[in-house]
Amino acid sequence: MAPLNNKEGDSRFFTTQKKGEMHELRMELHSSDRAIKVDAVKKVIASMTVGKDVSMLFTDVLNCVQTGNIELKKLVYLYLINYAKSQPELTLLAVNTFVKDASDANPLIRALAVRTMGCIRVDRITEYLCEPLSRALRDDDPYVRKTAAVCVAKLYDIAPELVIERGFLEILHDLISDSNPSVVANGVAALSEIAETSGKDVMRISAAVLQKLLAALNECTEWGQVFILDSLAKYTPADGREAEGIIERVTPRLQHANSAVVMSAVKVVLSYMELMGSANSDSIRHLTRKLAPPLVTLLNSEPEIQYVALRNINLIVQKRPHILENEIKVFFCKYNDPIYVKMEKLEIIIKLVTEKNIDQVLLELKEYATEVDVDFVRKAVSA
């Protein structure tokens with residue numbers, strides 16, 4: 001028989017169901033037909049998503065986890081994460097499954113089990129998580145290792161003493177020297193998160209680690225690049241020559257499509273320019289010219305990204321106004337700019353005013369004085 005052409009897709013699971021639906025769902029969850037079982041769990045997840053209480057089906061859904069079907073397993077794990085806090089005693093019933101899945105032959109299932117245990121923020125489960133997590137951090141598969149790295153940061157949130165006691169921080173440092181760039185990026189991300197939570201510098205970048213980070217920078221995902229660049233910004237190079245070498249490896253990121261990568265790269269370049277000193281004035285001038293185009297490009301993004309970029313540009317202009325001294329026109333307000341963007345642009349215009357552009361700026365401010373927004377007009381007039 002030809003399969004039904006289901007135009008509705010998964011939206012059908014969100015349609016309001018009739019009375020006695022819980023009994024019906026329970027029957028379907030115990031069905032021997034895998035397709036019926038998957039559909040039943042999808043209906044449970046859909047009900048949970050729209051705010052219905054489906055916690056009474058906890059044990060029925062939990063029974064579905066004994067399967068080799070990764071789609072069904074993911075759905076059951078999603079349900080468990082949601083109800084773990086309200087049903088901690090029942091969640092303990094799933095511990096054996098997690099431990100078993102963490103040793104599964106399929107790396108996707110091993111990673112899924114460790115990730116889910118990390119997301120279930122129940123104290124009683126953390127003690128069972130340590131052994132599978134320790135194995136996952138040394139797993140042969142890079143996907144399992146990179147998932148386990150993030151899990152360490154989650155565990156640190158609940159039980160920091162357990163992470164230190166089990167030596168997970170040392171293992172994270174080892175992962176920074178991993179051969180896989182995604183594992184390196186997640187190791188850096190986990191250590192950065194732990195450093196933020198604890199207020200301690202747990203990153204400790206040595207010369208060997210630095211080379212690994214720079215090598216991984218070219219190959220990992222864009223968010224991995226952001227974490228690596230942010231950790232590089234906190235590193236203090238030994239001298240101006242090392243700073244210049246790192247900047248050379250980082251500058252290609254200024255052309256990246258992701259604005260977060262661009263801003264992180266700008267942060268690294270600016271912090272290292274301080275260390276290059278006056279002896280390298282030619283190099284600093286060259287870098288200054290390189291920084292202007294990516295910052296200007298950020299102003300062609302959505303208003304929300306523009307606002308974040310403008311807040312950062314505001315700080316940059318206070319320190320090094322000459323970077324954007326010839327680009328004042330890009331900060332002139334457009335008629336359709338949201339008010340919060342206009343206010344930031346006005347702040348930057350005031351900081352970039354020189355004798356050369358004063359007439360141009362005054363003409364622009366005169367235009368702003370006729371705007372409808374009172375606060376903006378007030379600011380323009382005082383400018």
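Mentor: In this predicted model, a search of the whole structure finds 4 aromatic pairs.

Trainee: What makes the pair of tyrosine 77 and phenylalanine 98 tilted?

Mentor: The ring centres of tyrosine 77 and phenylalanine 98 are 5.1 Å apart, and rings pair if their centres lie within 6.5 Å. The angle between the planes is 50°; stacked needs under 30 degrees and edge-to-face over 60, so the rest count as tilted.

Trainee: Which parts of the chain does this pair link?

Mentor: Tyrosine 77 sits in helix α4 (residues 70-83) and phenylalanine 98 in helix α6 (residues 95-101), 21 residues apart. Both tyrosine 77 and phenylalanine 98 are buried.

Trainee: Why is the pair of tyrosine 307 and tyrosine 340 called edge-to-face?

Mentor: Because the planes of tyrosine 307 and tyrosine 340 stand at 85°, and over 60 counts as edge-to-face. Their centres are 5.4 Å apart.

Trainee: What does that pair tie together?

Mentor: Tyrosine 307 lies in helix α18 (residues 303-319) and tyrosine 340 in helix α19 (residues 339-352), so the pair ties together parts 33 residues apart in sequence.

Trainee: Why does tyrosine 307 count as partly exposed?

Mentor: Its relative accessibility is 28%; buried means under 20% and exposed over 50%, so a value in between is partly exposed. Tyrosine 340, with 34%, is also partly exposed.

Trainee: How do you know that the protein chain is more spread out than a compact globule?

Mentor: The chain has 21 helices and 0 strands. Its radius of gyration is 27 Å, whereas the globule rule gives 21 Å for 383 residues, so the chain is more spread out than a compact globule.

Key
Residues numbered from 1 in each chain as written. Predicted model: local features only at pLDDT ≥ 70, side-chain atom pairs only at ≥ 80, totals over all residues. Heavy atoms only, no water. Phe/Tyr/Trp six-rings, centres within 6.5 Å; stacked < 30°, edge-to-face > 60°. Helix = DSSP H or I, 4+ residues; strand = E, 2+ residues; numbered from the N terminus. Buried < 20%, exposed > 50% of the residue type's maximum accessible area, 1.4 Å probe, protein only. Rg over C-alpha atoms; globule rule 2.2 N^0.38 Å.
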